[in-house]
Every structure is written in C-alpha cells, then in structure tokens.
Amino acid sequence: MIFSRALIGALILSSACQPSGLGVAGGITADSLLARIQVLASDEFEGRAPGSVGEARTVTYLTDQFQQLGLAPGNPDGTFVQAVPLVGITPQESGGLDIVRGDEKLMLTPGADYVAHTKRVVEEVELDGELVFVGYGAVAPEYAWDDFKGVDVNGKVLLMLVNDPPGPEIFGGRAMTYYGRWTYKFEIAAARGAAGVLVIHETGPAGYPWEVIGSNPYGEQFDLVTEDRNMGRAQIEGWIQRPAVARLFRMAGFDFEEAKRAATQRDFQPIALGLTARTTVVNKLRMVNSHNVVARLEGTEAPDETIIFVAHWDHLGADTSLLGDQIFNGAKDNASGTAGLLEIASAFTRTGLPGRSVLFLAVTAEEQGLLGSRYYT
Ligand SMILES: [Zn+2]
C-alpha cells in the first residue's frame, strides 16, 4: 500500500518530465503488471503467508526475476535473500473476555465482540486489569497533543480509538499519520507499562471492516523473535467492536459518544471506567524462518547514494476452516505492489542505469505489523 503511492508518484513524475520516449516508466504497461500479479496472486502461491509453501514459491519467483533482469544481489554478503526469524503464535480457544464491576459481569465473545492476542513468546497470559479509556492514545509533541496527561496507566487495560485525532491542520488532516496505526497504539501502550490494549474498531476510520480482524480470532500471528521474547510488550493486544465498548461504557455509567467527542479535543483527560477486564490467552508457538528479497542496481554517478523501492510480498495465506475457496490471493494487497517493484526494476534495466544506486526490497510479514521492514532496518 505504501508502495503503490510511490509507484503512482514515479509514474506521474516520469510522464510529466518525459512526454515522449521511454522515460523511467517506459515499457511498464497494464499487461506487464497484470502478468506478474497473476503469478503472485495465483492459487499456487497459496496467499503468500510467511513460512508457508506459498512463501517459498514467492521468494524463488522474486529471486529468479531479479536475476533474469540482471540485478545484483542486494545483501552485503552477496545474496538476494535475507532470513527474517519470526515466531508464529496461535491462540487457542478462549473462554472470552469478562468485564467486571462489583458483582456485575459482562461476558464478551471472541471473534464477535473482540480479538485479543499476546505477542509475548509464552504459552499463557492472564490478564487482570482496570479499564482506562485514553482517547486516541496519541502522544505527539509536534502537535502539542498528549492523550495521557501524565496519568499512570501501569498495569491498566487501555481502550483506544482507531485512527488519529481528526482536524484539518493536525495529524495530517484526512491522511492517517503513524499515530493512527494500530502498531503505534500497541507500542505506546507497552511504553506506558499497560497490561493490555484494545483498539476500538469502527469501520469508517479504520478503513477496513471488522471481518478483517474478527473472522479468524484464533489465526496464527507472527512477530520478530526479539531478545526479550517480547516481554516488553503489553500482555494483551487486540481490537474490540464499538457496540461492545458502548455496552461497557453504559455499565460504567459513562456515554461512549460523549467520551469520543471529548477525545477529539486537546484537553481530553483519560477516563478510568471503574471496570476490571479479565481473560486468559493460551498459545501454541512455532519458530518460522521467513525472508526478505533484496536486489540492487549500482548507480553510475553516485553509487553510494541509494534510493530504496519497497513493497511487501506477503499476504494472509489460506484459512483451511473455510468451505469452498480457502485462499486469500491478495492480488491488490500486495501482489500489485510487488509486481510494480519488478516492473520498475525492469524499466530501469531498459532505460539505462540511474545515477544513484537503486535497491529493490520485497519484504515479508507486513500484514503482521511491518515485521520484514522492521527487521531490515
Ligand atoms: Zn498489505
């Protein structure tokens, strides 16, 4: 997705500068892009899940294509493929999430009401913490914005609105800044010592429907294998449906819509809901070796200056519990970007070498939180 914008930018730039002749985009056609998309998004590639047979086929295809185009290996050790060690974490069926106030109890159903995972590399996590609504969870000094206002949320379970605070002049207007991404929300929760974090799902501001999150609550999640086995992250990370949040706000004697409105203002204060959230997550763990594919074109004038084109090759794989079609082919997300990466490489080889070096980076595990990119940097 990030890549598509770069591709359009490159195409626009080249057509503006070079109305005739090949230009940088020269030779890239709808047909040439489509041919590559058809390979990457074919059933044979099984939806390109990290660690799957589909990954092996994808990595081989990309390496072959870069080689055929005459590109050099992009890794300092002279290889095209960079191993990215991941851990696959599969949550086992859970009893649900209990929201407790005195002897009142609201029981939420996994998949329908919420999805909760742990990225800690452990077999079991027990969550027991007080719920605090922290608005968008944004701490952005450049916008003079702080949703926490110094409130200690150590050991708490945070509820955060999806996306970033609205406003024409801050947080990029209608464009989403990093503060709006769920990866940021999980990071800030961990940095503040929270026990858990649940992003409140609303389809409009999220940009995708609940099914993307909720249809497979026990699906395998990937993460990088870090030295601390991810113990620095919040115990529980997840999403919760807006109607469930409205219910628990009512249970606490608050109005969700009102709280949401308050969260659009700079002077918003976190709201301790007086509710306790409890759940247990049991995991099955497996180590997975995934891969980034890296190729390079040496610049002719300034080889030490490098421009990177990046696209993630992975998608969601397959779900064998589905009847009928089980493969998420991911033609748009992100076979299209990956095809674009190859086509741009191909165009450079046709139109002559660039002044600066160009690195083509096809990264893994974007769907799981930009893991391949994070590992590369
Ligand atoms: Zn994607």
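Guide: Domain bounds here come from an automatic or database domain assignment. The model is predicted: local features need pLDDT of at least 70, side-chain atom pairs count only at pLDDT 80 or more, and totals for chains, interfaces and linings use all residues. Residues are numbered from 1 along each chain as its sequence is written, and side-chain values use heavy atoms, with hydrogens and water left out.

Visitor: Which domains does the assignment give for the protein chain?

Guide: Domain 1 takes in 2-14 + 24-70 + 298-376, and domain 2 is 89-284. Their centres, taken over C-alpha atoms, are 32 Å apart.

Visitor: How do I read the interface between them?

Guide: The size of an interface is often given as the accessible area lost when the parts come together. Buried area is that loss, found with a 1.4 Å probe and summed over both parts. Here domain 1 and domain 2 bury about 860 Å², with 58% of it on carbon and sulfur atoms. On the domain 1 side, Q368, L371 and R374 lose the most area, together 49% of what that side buries.

Visitor: How many residues of each domain are in contact?

Guide: Contact means heavy atoms within 4.5 Å. Ten residues of domain 1 touch eleven of domain 2 in this way.

Visitor: Which protein atoms are donors of the zinc ion?

Guide: Donors are N, O and S atoms within 2.8 Å of the metal (3.2 Å for Na, K and Ca); water is not among the atoms, so sites may look incomplete. For the zinc ion they come from H312 (NE2), D333 (OD), E366 (OE) and E367 (OE), at 2.1 to 2.7 Å. Along the chain their spacing is H-x20-D-x32-E-E. H312 lies in strand 14 (residues 302-312), while E366 sits in the loop between strand 15 (356-363) and helix 10 (371-376), 54 residues apart. Helices (H or I, at least four residues) and strands (E, at least two) are DSSP runs, numbered from the N terminus.

Visitor: Why does H312 count as buried?

Guide: Buried means under 20% relative accessible area, exposed over 50%, partly exposed in between (1.4 Å probe, protein chains only). H312 has 5% relative accessibility, so H312 counts as buried. E366, at 14%, also counts as buried.

Visitor: How many residues of helix 4 are buried?

Guide: Seven of the ten residues in helix 4 (residues 182-191) are buried. Among them are W182, Y184 and F186. Their cover includes strand 7 (139-140) and strand 9 (157-161). After helix 4 comes G193, with a positive phi near 80°.

How values were computed
Buried area = accessible area lost by both parts, 1.4 Å probe.
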